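Please open the structure in your viewer and keep the selection panel at hand, as this tour moves from one stop to the next.

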Amino acid sequence: MTATAPPRSAPEAGPPSGKPAAGGRLRPRIPVRLRQIGLPYLLLFPALILELLIHLVPMVFGIVISFKGLTQFFIRDWGSAPWSGLDNYKLAVKFNQPVGQALLHSFWVTCGFTLLSVAFCWLIGTTAAILLQDAFRGRALLRAIFLVPYALPVYTAVITWTFMFQQDTGLVNHVLHDQLHLTSDKPFWLIGPNSFWALVIVSVWKGWPFAFLCLMAGLQNIPRELYEAAAMDGAGIWQQIRKITMPSLRPVNQVLVLVLFLWTFNDFNTPYVMFGQSAPHAADLISIHIYQSSFITWNFGSGSAMSVLLLLFLLVVTAIYLLLTRKRGEPDA
């Protein structure tokens, strides 16, 4: 006679989540919605900490220094530097005094440099993106070549241009003077008035591939059917660019122009590598001017005040630009 094993008893189910357990404690239960919302913030937390340490903390530190008379006499103990209040700011905006005049000159030079650089970067980038929009043999190779200036390190590119702008041995004067005979003598490019144009050329050369990359990506989102329909209606190339391409690229252009403006106006690497610590008068950008005021003359209070004024100017310009572009992009009621 075979003996049957007694049936196994089912394991006791624990108390449901959120109900009292054996000891009378409540088992914690996180709602699914809260977990979904909290996970992205948890992943962004390390980046937020790094942003505070790298950007915001030095920014607050610089704002505090702008209210102090921190010079070379207080470098060892900057906390003992006396409070100067708004004296550094008043000195920077007194445009009838040497300090204010020099700052105003560098501001206007920077405005002209930024306007020319952003305009040519956008124009060349837009032209190249439109020309390479249609598929043809060798398009991928041309795209790769056009992106070389953007892929090169800034220091490598600028140092190469510095050698090319040398008066006696540079490639630029060799082509302009020796081969094309466009100049009566070999001009100086790294000193004097020509230094401004040399700076613009280098800035445009290394900046337009970024505009080309952004606009080329924006062109991929324009349906080809729009161009085909416009061509069937008799629209030419210029009408298609004016009526289809440019309106479709407006959101990309809004962001692109703002980014190029901020990058160019704050550009420090290009003039510093080209001219060193002391830029020529014609190419005295405000970034180099603030550097000289802070680290060459050892007047950190005045240099910090100029940096804060520059920050306020960029914030105001950015806010006005975003307000104008937002109103322009809103459809009429």
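Is P187 buried or exposed? Select P187 and you will find that this residue is buried, because its relative accessible area is 16%, where buried means under 20% and exposed over 50%, with a 1.4 Å probe and protein chains only. This is a predicted model, in which local features need pLDDT of at least 70 and side-chain atom pairs count only at pLDDT 80 or more, while totals for chains, interfaces and linings use all residues. Residues are numbered from 1 along each chain as its sequence is written, and side-chain values use heavy atoms, with hydrogens and water left out.

P187 sits in the loop between helix 7 (171-179) and helix 8 (194-219), helices being DSSP runs of H or I with at least four residues, numbered from the N terminus. Next select Q167, N173 and N194, which P187 contacts when neighbours within four places in sequence are set aside; contact means heavy atoms within 4.5 Å. Between the C-alpha atoms of P187 and Q167, which are 20 residues apart along the chain, the separation is 6.4 Å.

Now move to the largest pocket, whose volume is about 1100 Å³. A pocket is an open set of points on a 1 Å grid over the protein atoms alone, where a 1.4 Å probe fits, with protein on both sides within 12 Å along at least five of seven lines, and lining residues have an atom within 4 Å of a point; the volume is the space filled by probe spheres set on the points. Select M59, N266, S307, L310 and L311, the closest to the centre among its 34 lining residues. Finally, select helix 14 (300-329), which gives the most to this lining, with 10 residues.

Note on methods:
Helix = DSSP H or I, 4+ residues; strand = E, 2+ residues; numbered from the N terminus.
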